[in-house]
Amino acid sequence: MTTIQVKPQRPWKATPRDMGTTAGVILLSALASLLLVLGTGLKGKIGFMVCFILISTILQVVVGVRKFGRKALGDNIASSLIYVGAAIVFLPVFSILYMAVTKGAAGLHPSLFTETMFNASFLDPIDKGGLLHSLVGTLYLISIAMIISVPMGILTALYLTEIRGPGAGFIQFIVQAMSGVPSVVAGLFIFTSVILISPLKASGAAGALALAILMIPTVTRTSQEVLLLVPHDLREAGLALGATQWKTVATIVVPAARNGLITATILGVARIAGETAPLIFTIGGADKLNLNPFKDYQSALPFYVWKGLVLGTPESLQRAWTGILVLLVLVLSLFIAARTLGGKKMGK
Amino acid sequence: MYKIQHMTLLENKSADIPAPRVITTKPRVSDKIFRGVVTSFGMSALLILTLIGIFLAYRGVQTFHSQGWSFLTSYNWDKTVDENGNSVSSFGVGAMLIGTVLISIVALIVGVPLSIAMALFLTFYAPARLKTILVSVVDLMAAFPSVLFGLWGFFVLMPMANYWAKLIYKYLHWIPIFDAPEPFFERSPFIAGLVLAIMIIPIVTSVSREVFAQTPLDRIQAAYALGATKWGVIKAVVFPFGSSGVVGGAMLGLGRAFGETVAVYTVLNIVFAPNWHVLFGAGGNIASLIILKWGEASGDETTALLAAGFILFVMTLLVNMFANFIVRQTLKSGK
Amino acid sequence: MNNAASSLADVSKQRATQKSPGSAPMGTGLEARGVHAWFGSHLALEDVSLDFAAGTVTALIGPSGCGKSTFIRTINRMHEFIPTAAMAGEVLLDGKDVYAPGTDVTKIRLQIGMVFQKPNPFPSMTIGENVLSGIKLAQLKVDNKEELLEECLVRAGLWNEVKDRLGAHAGGLSGGQQQRLCIARSLAVQPKVLLMDEPCSALDPGSTLRIEETISELSKSMTIIIVTHNMQQAARVSDYTAFFLSEGGPGRMIEVGPTTEIFTRPRDIKTENYVSGRFG
């Protein structure tokens, strides 16, 4: 057997020299913009950013054109703009995360998760009361919304992938249209169709119904994607063994897609956990712990934040930031859970 | 010769060609139940959507009846009662419609180019490992609670955007849309539009990314093999293929922008007067109107708010359906 | 037919005396030196060294998965579009390594054109725009576009069929016409080398014949490397033939020589088995 002495190379990758040039361009433009900002009338971070973007683009283009000629002009301008555009998108994301963590952390105190606002007001100093009632409310809302929308979402997805009836294309279209229903409309709908005319009044369950409407399309679409990934051979193998379609779906298709279906559920929950608008019409909002989702007002984390935001005093705003931090941690952990689970499946 | 023989052969035999058999399968009971259950759930989405339309229209019909077309065109929102106790309220969402369109346009103008840049970056420029991380970040952005965008917009973006608004006003106020009746720039449609721009970036980016990724590989390779630069390939192959999909993505973003409530409410000064000056601190948005007035509303005002909800529902539904139609056409053509 | 085959054999003989494969370069032309190619950690192609003299047609034959396509994609640097790809060795165009640091890869691809397996005209462009698309993409200056357009289409053997509808969209052409349009498109930037990756595998026999005629015509003015599964095609169009084979491991070049020799008296038993149809 021959032994391989040659090592794989990637000559198309940037060489240290190329990287050096790029670093030089960035450094030089940062320096030049700093001088401009300090030395002239332009000031502030925005001035710096604008100068930096302009100078670095120009330098990059000059370097490119010198190396590769005129056609590098458009290519370099375009790639500069694309990098800058992508960077601009991430600025607010990091700013938002940073604000939520720093501002929110300032309001953390020992009784936050053990007390409610029953004996405290939003205007009280921050260490009074807590958000236990809202956290419990959110968990109730999520659980009930899940019980409704997960079976509905997955069964709708099964209709779209397994039955593929004559109306499948149309239903697909409707599900997509449903995912665009504004959350405020979902809240108004539950208000008119449930709270106004049924015995169920403003409560946790009513709020969960509104959230379920928003959750169904997310669960359906993600489940559908996952079910489509199950190889068609598996279905045919099941049918060829003489199993009924029901048996094939229940014992082969759904188990094969299990991880993905859980991911779909988690993503659906992440979608609705932070929804505020529908709750304003449906849950009433309470300051005490309510363990019965079918009777009396209930609170939820987004509602707690909303209340703090609307009152607008320093103490209430602090409560809003702390509430948003708790909510964000919840959404983030759901999201990471979905990614790890989904990543396992896709990684194969 | 052979052909003729063959034909006569066929003709002679034609009487013997059997009719195709009709294959009938009787599904077993379990399958019948399964198909029935799954099909009825498949229809549930349609049912819910129809019910939303019916209930909101049914409650709102009173308002459409009493206000007529002026509900869409009038700028007033007055709940009044005459001396006999009869309601003489006049409700109109005209200013809110103008405001909704105005801030959505700002959101699109700012958000769509950034989203396209982001989608191109993720599809063609980012190294594979960075790409997976960044895709997650963009998806996470879509899961941020809208009240968080509102808080951040109010406390972080607004002070900065005020300064930008002043600059734009100072240098560009001769363009009618950047003019303002007085230099009051807080809580303007411009700022609300910026917050919305950030909020629609995830959906526009992910649709554009999906469309760009569907660009047939053989066309991309053909362009590269002709000595094209990366930008050349994007211009010659990716954009012609994906442009209508990006338009669809932008319209999905528009649908989101129409319906956004809490974030807009936080950063927008809602005024019941038409205002086309983006920098001026007065605007409207149907969704925010609903939560602004909901708290103290009763009787005919509640009905009017439900009617406003119905209009919002119809607007977003139409935009969304159209957008989905475009995106599907594009994705289909790539397969 | 017979006549054509014998004249082709004459040509190859004639060229073989001028320059035998594997010998030192003549200063112009294309050489591959110890080319290896990887996909991730999988070595797909091992140590291929081949010379392509200017103005010759070289056919690469061998069963599926033997690395022929991978090899030609390393020549014009299309290999690097696979994210995990790696390579080793050198590809010299006119004595210069196309993988040398600082090389402008777009210039390489302008000099080494490529025709793909499936016809892939740009659907958003008309027939005329397709032919000139390379000029536009590489931002080249051309004095007389109409002349160039006609010349390319004539050389690709398509002019008579499309001269009246240059403004029509390319989608309306038949598969064979589309492939010849793709050839015309590659010719417009005046490459020195044309790579063809199974250009006829998606076409009917009639169209295949037209493309083969085009190849013979083009070989007068440029170097052509064609990957093919079809041994008759290799015999018909090429001056030299290289046989690639993968025996479980990475693909290797088993043998190269004038086409007539490879098909009549190959040195390696594996080549003989393949060309005589005993496997593959």
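These legends walk through several close-up views of a predicted model, one view at a time.

Local features are described where pLDDT is at least 70, side-chain atom pairs count only at pLDDT 80 or more, and totals for chains, interfaces and linings use all residues. Residues are numbered from 1 along each chain as its sequence is written, while chains are lettered from A and ligands numbered from 1 in the order in which they are written.

**View 1. How confident is the predictor in the complex and in chain C?**
The complex comes with an ipTM of 0.88 and a pTM of 0.86. For chain C the average pLDDT is 85, and 90% of the residues score at least 70; pLDDT is the predictor's confidence in each residue, from 0 to 100. Take care with residues 1-27 of chain C, where pLDDT stays under 50 and the model has 27 contacts beyond four places in sequence. Two residues are in contact if their C-beta atoms, placed from the backbone, lie within 7 Å.

**View 2. Chain B, from end to end.**
Chain B has twelve helices and two strands, in the order α-α-α-β-β-α-α-α-α-α-α-α-α-α along the sequence. Because its radius of gyration is 28 Å, well over the 20 Å that the globule rule gives for 335 residues, chain B is more spread out than a compact globule. That radius is taken over C-alpha atoms, and the rule is 2.2 Å times the number of residues to the power 0.38. Helices (H or I, at least four residues) and strands (E, at least two) are DSSP runs, numbered from the N terminus. The C-alpha trace of chain B spans about 100 × 65 × 40 Å along its principal axes.

**View 3. Inside the largest nonpolar core.**
Here 280 residues come together, and Ile324(A) and Val195(B) touch the most other members. Helix α4 (residues 94-125) of chain B provides the largest share, 17 residues. A nonpolar core is a set of buried Ala, Val, Leu, Ile, Met, Phe, Trp, Tyr and Cys residues joined through C-beta atoms within 7 Å. Beyond four places in sequence, the contacts of Val195(B) are Phe149(B), Gly153(B), Leu157(B), Ala263(B) and Val267(B).

**View 4. Where chain A meets chain B.**
In this view, 69 residues of chain A are in contact with 67 residues of chain B. On the chain A side, helix α3 (residues 72-105) gives the most, with 18 residues. That side has 49 nonpolar, 15 polar and five charged residues. Ala, Val, Leu, Ile, Met, Phe, Trp, Tyr, Cys and Pro count as nonpolar, Asp, Glu, Lys and Arg as charged, and the others, Gly among them, as polar.

**View 5. Two residues of chain C with positive phi.**
Most residues other than glycine have a negative phi. Gln139(C), not a glycine, has a positive phi of about 50° and sits in the loop between α5 (133-137) and α6 (145-155). Glu198(C), also not a glycine, has a positive phi of about 45° and belongs to the loop between β7 (193-197) and α9 (205-218). Are these residues buried or partly exposed? Gln139(C) counts as partly exposed because it has 18 C-beta neighbours inside 10 Å, whereas Glu198(C), with 20, counts as buried. A residue is buried if 20 or more other C-beta atoms lie within 10 Å of its own, exposed if 12 or fewer, and partly exposed in between, with C-beta atoms placed from the backbone.
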